[in-house]
Amino acid sequence: MSTTDEAPAAGQAAKLTVPTLTAMVVGSMVGAGVFSLPRRFSEETGVAGALIAWAVAGTGMLMLAFVFQALAVRRPDLDAGVYAYAKAGFGEYLGFFSAVGYWASACVGNVTYWVLIMSTIGSVAPALGEGDTALAIVLSTAGLWAFFLLIRRGVKEATAINRIVTVAKIIPILVFIVLALFCLKPHVFAENFGGADYAGSLFHQVRGTMLATVFVFLGVEGASVYSRHAKRREDVGRATLLGFISVFCVFASVTVVSYGILPMSEIAELRQPSMAGVLEAAVGTWGRVFVSVGLIVSVLGAYLAWTLMAAEVLFVAAKDDDMPRFLRRSNRADVPVPALLMTTALSQIVLVVTAFSEDAFNFALDLTSALSLVPFLLAAGYAVKVAAGRGGGDRSPGTGRELTISILATVYTAFLLYAAGPKYLLVSLVIYAPSSVLFVMARREQNRRPFSPGEAVILAVSVAGAVVGVIALAAGWISI
C-alpha cells in the first residue's frame, strides 16, 4: 500500500461542528472509567470525602476547560491543543514531552478498557479473573491488534460512529443513576457519610481519589486536539465546556448514589465493573447484565476514539518536525499507519506489564492520569503566559478573570502531581526518558544539534528519574 508524507490524518476532509465536537469530548471522557467509580471511590473515601473530591476536581477541571476555551480563541494558529500549547510556551523539547505524555496516557488508558472488559466477562468466565490472567491478556492482545487492522483499513465515519456510540453508552449510565436513586437507602447513605475505618483522615481520603478523577476527566481537551478540523475556532471552546459540564454531572451522580445502596466496605470488594455490582444489589441480576452490556459498548467506542486521538497527536507532532518524519505518513485511507502502529505497540507493552501488577486496573488507571499531568500543567502554565501578554500571538494581556483562571488551573495540576506521589512520577519518567530518542531522530533529520544546553539539563533530569524508577521497581521500593 502506498504512503505519502503529506496525506492528512483521518477525518480531515470534514469540518467538525459544535455537536460533533461535543460528542467527541463526551465520548472521550465517558469510557470504561465511569463504570469503575463506585469501587474506586469506596476504596478510598466516604460520602463526605467524595463530595469534596468532586468539588475540587470539578473546579480544577472547569478551570482547565476554561483554559482550553481561552487558548482556542487567543491562539487560533496553534493546532493539536495540549501539545501545541506546551511547545509555544516552553520550547520544542518540553513540547515534545507534552506530546509524548499525552500520547502515552491515551495508550495506557486503552489498556484499562481491555482489563475492564475482560473483568466483566470474567464474572461468567472465571479463567479471565479480573482481567489480569494469562488468558485475559492473550484475548486482550487479540483485541488490540484486531482494532489496529480495522482502523488501518480506514474509519472515514469515525466521528459519526463516535456520536452514535456516545448516545448508546450514556443510556445505561443514566438508567443506573435513576434506578439507584429509587432504591437508595437513607440509613446506608448516612453510615457511609464519614467513611469506613480504613479510609483515614478526610484529607487522605480526598487525596486518594484525585488520580481517579483525573482519569475520568481525560478527554476534556479532546476538542482542542482536533481543533484544526473545527468549522470555527470558537466551536472548540463551546464544545469543551458543554462536554465537561454534562460529564461532570454524570460522574458525580454515579459515585454519590452508589453510597446509598451498599456499605462502602462492600462496594470496595466488588469486582470491576463495580457499577454492575451496585445495580445488581439494587434491582437483581438483570442490573449486572444491563451495565455489563453498556460497558462493552462504551469500551468499543472509547477505544476507537482514543486510538484515533493518540495517533493524531503523533501525526501532528511529526508534521511540525517534532517527531521523526516516518510518523507523518498515512495510507490511501487517510490513516496515519506508523503512528497507529506505535500507539498499539505501547498499549501492548503496558498490557503485558499489568500481569505483574497487584491490581491491573488501578495501576493502568493511575499511570494514565500521572502521564497526562505534565501536558496539562504545561498547557495551564502557557495560559498564564498568554493572559500576561507573553504568550505570542497578538501579545495583548488578557483580563484579570483570564489570568486568575489560568493560575488556578496551574495550581490545580501542580497539586495533582503532589497527590500522585513519587511512585507514578518515577514510572512516568521510565516512559518519558527513552522517548527522547524520537526527538533526537527528528533533530538529525533537520541537521540540527540534538539538544540545546537547556534541553540537555531537562534530558539529564528525566534520565536520572527514569534510572531511579527502574532501580526502585527492581529493588521493590515501589510496586505496581
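Where is Ser 357 found? Ser 357 sits in the loop between α15 (337-353) and α16, and we will come back to this residue below.

## The model and its conventions

This is a predicted model, in which local features need pLDDT of at least 70, side-chain atom pairs count only at pLDDT 80 or more, and totals for chains, interfaces and linings use all residues. Residues are numbered from 1 along each chain as its sequence is written, and side-chain values use heavy atoms, with hydrogens and water left out.

## Overall picture

The protein has 19 helices and zero strands. Both kinds of element are DSSP runs numbered from the N terminus, with helices being H or I of at least four residues and strands E of at least two. Of the 480 residues, 58% count as buried. Here buried means under 20% relative accessible area, exposed means over 50%, and partly exposed is in between, using a 1.4 Å probe and protein chains only.

Among contacts with a separation of 6 or more, residues 24 or more positions apart account for 82%; a contact means heavy atoms within 4.5 Å.

## Helix α4 and its surroundings

Let's start with α4, which covers residues 82-90. Its buried residues are Val 82, Tyr 83, Ala 84, Tyr 85, Ala 86 and Gly 89. They pack against α3 (47-74), α5 (92-122), α14 (285-319) and α16 (360-387). Following α4 comes Gly 91, with a positive phi near 100°.

Two packed helices are described by the angle between their axes and the distance between the axes. For α4 and α16, the angle is about 55° and the axes are 8 Å apart. Axes are lines fitted to C-alpha atoms, for helices over the stretch in contact, and angles run from 0 to 180 degrees between N-to-C directions. That makes α4 oblique to α16; angles under 35 degrees count as roughly parallel, over 145 as roughly antiparallel, 65 to 115 as roughly perpendicular and the rest as oblique. The crossing of α4 and α16 is left-handed, a term for the near helix being turned anticlockwise from the far one by less than a right angle, with clockwise giving right-handed.

On the α4 side, the contact is made by Val 82, Tyr 85, Ala 86, Ala 88, Gly 89 and Phe 90. From α16 come Pro 375, Phe 376, Leu 378, Ala 379, Gly 381, Tyr 382 and Lys 385. By class, the contact of α4 with α16 has 10 nonpolar, two polar and one charged residues. Ala, Val, Leu, Ile, Met, Phe, Trp, Tyr, Cys and Pro count as nonpolar, Asp, Glu, Lys and Arg as charged, and the others, Gly among them, as polar.

## The α13 and α14 pair

Helix α13 (residues 274-283) and α14 have axes that come within 6 Å and cross at roughly 150°. That makes α13 roughly antiparallel to α14, and their crossing is right-handed.

In α13, Met 275, Ala 276, Gly 277, Leu 279, Glu 280 and Val 283 meet Thr 285, Trp 286, Gly 287, Arg 288, Phe 290, Val 291 and Ser 292 of α14. The residues of this contact of α13 with α14 divide into seven nonpolar, four polar and two charged.

## Individual residues within the fold

Back to Ser 357: with 9% relative accessibility, Ser 357 counts as buried. Ser 357 and Asp 132 are 225 residues apart in sequence, yet 8.6 Å apart in space, C-alpha to C-alpha. Ile 296 lies in helix α14 and is partly exposed, with a relative accessible area of 32%.

Thr 344 belongs to helix α15 and counts as buried at 2% relative accessibility. Neighbours within four places in sequence aside, Thr 344 is in contact with Leu 144, Trp 145 and Phe 148.

## Positive phi in two loops

Asp 321 is not a glycine, but has a positive phi of about 65°. Asp 321 lies in the loop between α14 and α15 and is partly exposed, with a relative accessible area of 32%.

Asn 447 is not a glycine either, and its phi is positive at about 55°. The loop between α18 (436-445) and α19 (453-475) holds Asn 447, which is exposed with a relative accessible area of 73%.
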